[in-house]
Amino acid sequence: MVDSPRASTQTASTTIQLEQSNKEDAYTALDNKFNSDPFLVRFDEGDSANPKNWSFAKKWYLTLAAGLLVLNATFSSSAPSTLVPTFMEEFEISQEVGTLTVSLFVCGYCVGPLLWGPLSEQYGRRPIFILSFFIYMCFQIGCALSQNIVSILIFRFLGGTFAAAPLANSGALISDIWDAKGRGTALAVFTVAPFAGPGIGPVVSGYLVLAGVSWRWLFWILTIFAGVCWLQIVFTIPETYSPVLLAKRAKEIRKRTGDERYHAAFESQSMTFSQRMESILARPFKVLFREPMLIAITLYMSFVYGCIYLLFEAYPVVFTKGHNLNAGVSGLVFLPLPIGGFLAVATYILFFNPSYERKAQECAPNPVPPEFRLRVAMVSAPFFAISFFWFAWTSFPSVSIWAPMMSGALLGWSICLIFLALFNYIIDAYLAVAASALAANTVVRSLFGAGFPLFATQMYDRLGPEWASTLLGFIALIMMPIPFVLSRYGPILRLKSKYAPSGPLPSSSPA
């Protein structure tokens, strides 16, 4: 992901975020256009106010802080999954309605990125983080004090909408502070957060159930976690979006000198309300439906993302019912997923990223073909399918619990690498409209993430864990050729594309 999840884990990364560097390219172009303008405010060489010139330690702190915000959001998304039986008993509801506590939160991810990304480009990252996280924290308080399931569901949806701010903007923050050379490693480390959060959530809620405390304690814990992150934003995360920083500097210079001719490139941009709405809401889907490549990638990533949230319903069938585990230990079986994500990041940093950097040197001054990104997905896609077959045929209660549990590590490893590869491919292939391409991808992914848990329990009950997981493995097998086909025919499709440039455009940064 050159600018992402990320994290999404869609997700990630997700998201989604990394395309913000395209906006900065636009302002750089304006800088060049007005290069002879003595009143144009810009950063000087080595300017300490430029986020890309901040110290190595500060940049890594902000990278980890951005990852923590995404971890918070994704942790909250899955945390109530273990409490569904408790909700069913206390509020006398069906399992499907109980599952909505997870699904509606993820539905909020469909709305959030369309709001918070563009708003952060207008007002800066910091005020959007502060506002959205405070309101998100308030909705966690609302859940904790709710007296009925309807209130909980409403607050969960609204909470997911505001929690989507770090999903939309944390990756953008990283692209604000790192140059092309350092961004790859930073984003790879950051990508763990969207996958670690969903795996940790059931562990916490599982042990709360085991301890016999009220379900409200989970939401008080989420409130405290959100509050700590909000204080971290307020006191330690500065503004990082260069166009906004330059606009503030221009305003200060005008105030200090009284000369109204000083201006920043950002202030020269003007867009009507209707144009902004079209850019935010309509263009992402115009790009999606006109691009066969993007449709194929989005369907594949959405299926993968949906499978993550499907596991929150499938694992209890296999481990809680099949192996008679208590709620606390049942939560622990999710931990191989984030462990696999950490291993994926190590694999990416040690093997795939150096390979990309060598290719970038070979191709310089021309860009690396976007299809080179797909090599990572070509390696990991077969293992994604294999992990489901592994999980399927070790799900028998007579088989050691470690066998199906360890399939989660391979699943987490393959999912993380698939997302890294395909996010990067979207960025490189759609360059100028990457923001719209990733926004559409995020909305569709979130719909899959919200929908899959709603049928998972019925599917596993009716087909049995073995055949239900086998079905998912076969679907993964059917979709597996997508990166291979794009690797072969991607250049031809890009030549025919309205949005994917195939000429010698500036190379995107290695991720």
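This note goes through the predicted model in numbered points.

1. Ground rules. In this predicted model, local features need pLDDT of at least 70 and side-chain atom pairs count only at pLDDT 80 or more, while totals for chains, interfaces and linings use all residues. Residues are numbered from 1 along each chain as its sequence is written, and side-chain values use heavy atoms, with hydrogens and water left out.

2. The whole chain. The protein chain has 18 helices and 2 strands. Helices (H or I, at least four residues) and strands (E, at least two) are DSSP runs, numbered from the N terminus. Of the 511 residues, 60% are buried. Buried means under 20% relative accessible area, with a 1.4 Å probe and protein chains only.

3. A helix pair. Helix H12 (residues 292–321) packs on helix H17 (residues 434–479) at about 45°, and their axes lie 4 Å apart. That angle makes H12 oblique to H17. Oblique covers what is left after under 35 degrees (roughly parallel), over 145 (roughly antiparallel) and 65 to 115 (roughly perpendicular). Axes are lines fitted to C-alpha atoms, over the stretch in contact for helices, and angles run from 0 to 180 degrees between N-to-C directions.

4. Glycine 206. Helix H8 (residues 192–211) holds glycine 206. This glycine 206 is buried, at a relative accessible area of 0%. Beyond neighbours within four places in sequence, glycine 206 is in contact (heavy atoms within 4.5 Å) with Thr82, Ala327 and Gly328. Serine 330 is 124 residues from glycine 206 in sequence, yet 6.9 Å from it in space, C-alpha to C-alpha.

Key: Buried means under 20% relative accessible area, exposed over 50%, partly exposed in between (1.4 Å probe, protein chains only).
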